[in-house]
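Morning, everyone. I'll take the interface first, then the symmetry, then a few salt bridges.

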Number of protein chains: 2
Amino acid sequence: MYKNEVYLKNYFLSHRLVTRDLISYINEGSYSYRPTETSMTAAELVEHMLTTAYQFAAMAAEKDPAPLHEEREQLSLEAMAERYTSETVRLIETMDTEHLEKEIDLSSTLGVKAPAWKVVEMMIDHEINHKGNLFVYIRELGHTELPMFVKA
Amino acid sequence: MYKNEVYLKNYFLSHRLVTRDLISYINEGSYSYRPTETSMTAAELVEHMLTTAYQFAAMAAEKDPAPLHEEREQLSLEAMAERYTSETVRLIETMDTEHLEKEIDLSSTLGVKAPAWKVVEMMIDHEINHKGNLFVYIRELGHTELPMFVKA
């Protein structure tokens with residue numbers, strides 16, 4: 001059951017690349033689509049996925065997560081996905097096997113302590129969960145030919 | 001990064017118990033709800049999650065997955081969840097550390113070979129993905145106080 005930073009990077013990308021495929025279905029006219037009044041909009045959901053994964057990866061790597069975009073910045077979801085994905089991958093790549101076993105203190109944010117590899121896996125679970133939400137949004141936006149939930 | 005069958009059982013349950021919470025929101029009148037014409041109904045989605053996880057666990061454990069219910073059987077989703085969850089957990093518990101490292105041949109179904117632990121993790125990813133779908137269904141059915149996507 002050996003996992004290293006290369007395994008975790010590829011595991012992350014096997015889901016993030018599907019997220020990117022789904023983002024490509026959302027045109028600007030659909031950014032404000034929300035299934036119910038209490039739901040996040042499509043744009044809010046995607047931004048939440050991208051920024052949370054990046055913050056989790058930074059916490060795992062014990063790096064300071066510099067903001068990658070400003071609220072007033074006009075950025076397409078696709079451009080945002082490209083920027084956050086490359087920085088998230090870069091953070092995963094900084095962790096060697098020894099660091100991956102290091103206990104990370106998330107008491108102040110998530111109320112738990114966990115080894116860095118588990119923090120990365122929690123980040124991927126968060127991505128899969130919200131990608132599962134996004135699949136329903138995309139189908140509701142009229143798309144019926146959808147990708148598998150994970151890339152081989 | 002040591003993981004054994006106890007870790008995997010608890011990891012599975014940290015998501016399955018949320019699935020069960022969501023199922024409790026679906027009354028019989030909502031079993032046939034589907035967000036779009038091409039979507040699975042709520043009942044079909046839940047049955048797909050329960051049976052697929054059980055089949056994945058059986059493949060990982062190299063056990064023959066006996067059918068746990070018949071199509072004509074009238075079974076509530078909650079009863080179905082209870083039956084499948086306990087059998088899926090039982091299958092995970094059969095795998096010792098040596099078995100978890102054993103390569104499982106899924107060429108005929110998924111086109112891959114993977115160690116048993118990875119088959120279990122693929123099963124959990126499948127659960128998280130469709131639970132993400134289910135969260136949107138439940139919100140669309142009028143529920144706004146929803147649980148976290150994973151139980152601590």
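Polar contacts across the interface of chain B and chain A: the rule finds eight residue pairs, both partners at pLDDT 80 or more. Keep in mind that this is a predicted model. How many salt bridges does the rule find across that interface? Zero, between chain B and chain A.

Which helices supply the side of chain B that touches chain A? Helix 1 (5-23), helix 4 (97-101) and helix 5 (116-140) of chain B each give at least two residues. Helix 5 of chain B has the largest share, with 14 residues. Now the make-up of that side of chain B. By class, 11 residues are nonpolar, nine are polar and seven are charged.

Next, the extent of the contact. On chain B, 27 residues are in contact with 27 residues of chain A. Together the two chains bury about 2700 Å² between them. Carbon and sulfur atoms account for 60% of that area.

Do the copies use the same or different surfaces? The same: 100% of the interface residues of chain B are also interface residues in chain A, so the copies meet through the same surface.

On to symmetry. Chain B superposes on chain A by a rotation of 180°, with 0.0 Å of shift along the axis. The RMSD is 0.0 Å. That is how a two-fold axis relates its copies. Where does chain B come nearest to the axis, by C-alpha? At Gly132(B), whose C-alpha is 2.1 Å from it.

Now salt bridges over the whole structure.

Number one, in chain A. Glu127(A) pairs with Arg16(A), with the closest N and O atoms 2.8 Å apart. Buried or exposed? Glu127(A) is buried, because its relative accessibility is 1% and the cut-off for buried is under 20%. Arg16(A) is buried as well, at 0%.

Number two, also in chain A. Glu87(A) and Arg90(A) meet through their side chains, 3.0 Å from N to O. This pair is local. Both residues lie in helix 3 (residues 77-93) of chain A, and they are three residues apart, so about one helical turn separates them. Glu87(A) is partly exposed, with a relative accessible area of 22%. Arg90(A) is partly exposed too, at 43%.

Glu62(B) forms a salt bridge with Lys102(B), and the closest N and O atoms are 2.6 Å apart. This one links distant parts of the chain, 40 residues apart. Glu62(B) is in the loop between helix 2 (42-61) and helix 3 (77-93) of chain B. Lys102(B) is in the loop between helix 4 and strand 1 (103-106) of chain B. What about accessibility? Glu62(B) is partly exposed, at 43%. Lys102(B) is partly exposed, at 40%.

To recap the interface of chain B and chain A: zero salt bridges, eight residue pairs in polar contact, and about 2700 Å² buried between the chains. And the copies are related by a rotation of 180°. That's it from me.

Methods:
Residues are numbered from 1 along each chain as its sequence is written. Chains are lettered from A and ligands numbered from 1 in the order in which they are written. This is a predicted model: local features need pLDDT of at least 70, side-chain atom pairs count only at pLDDT 80 or more; totals for chains, interfaces and linings use all residues. Side-chain values use heavy atoms; hydrogens and water are left out. Copies are superposed by least squares on the C-alpha atoms of residues with pLDDT of at least 70 in both. Contact means heavy atoms within 4.5 Å. Buried area is the accessible area (1.4 Å probe) that two parts lose on being put together, summed over both. A salt bridge is a side-chain nitrogen of Lys or Arg within 4 Å of a carboxyl oxygen of Asp or Glu. A polar contact is a pair of N or O atoms within 3.5 Å; within protein, one must be able to donate a hydrogen and the other to accept it, and residues adjacent in sequence count only if both atoms are side-chain atoms. Helices (H or I, at least four residues) and strands (E, at least two) are DSSP runs, numbered from the N terminus. Ala, Val, Leu, Ile, Met, Phe, Trp, Tyr, Cys and Pro count as nonpolar, Asp, Glu, Lys and Arg as charged, and the others, Gly among them, as polar. Buried means under 20% relative accessible area, exposed over 50%, partly exposed in between (1.4 Å probe, protein chains only).
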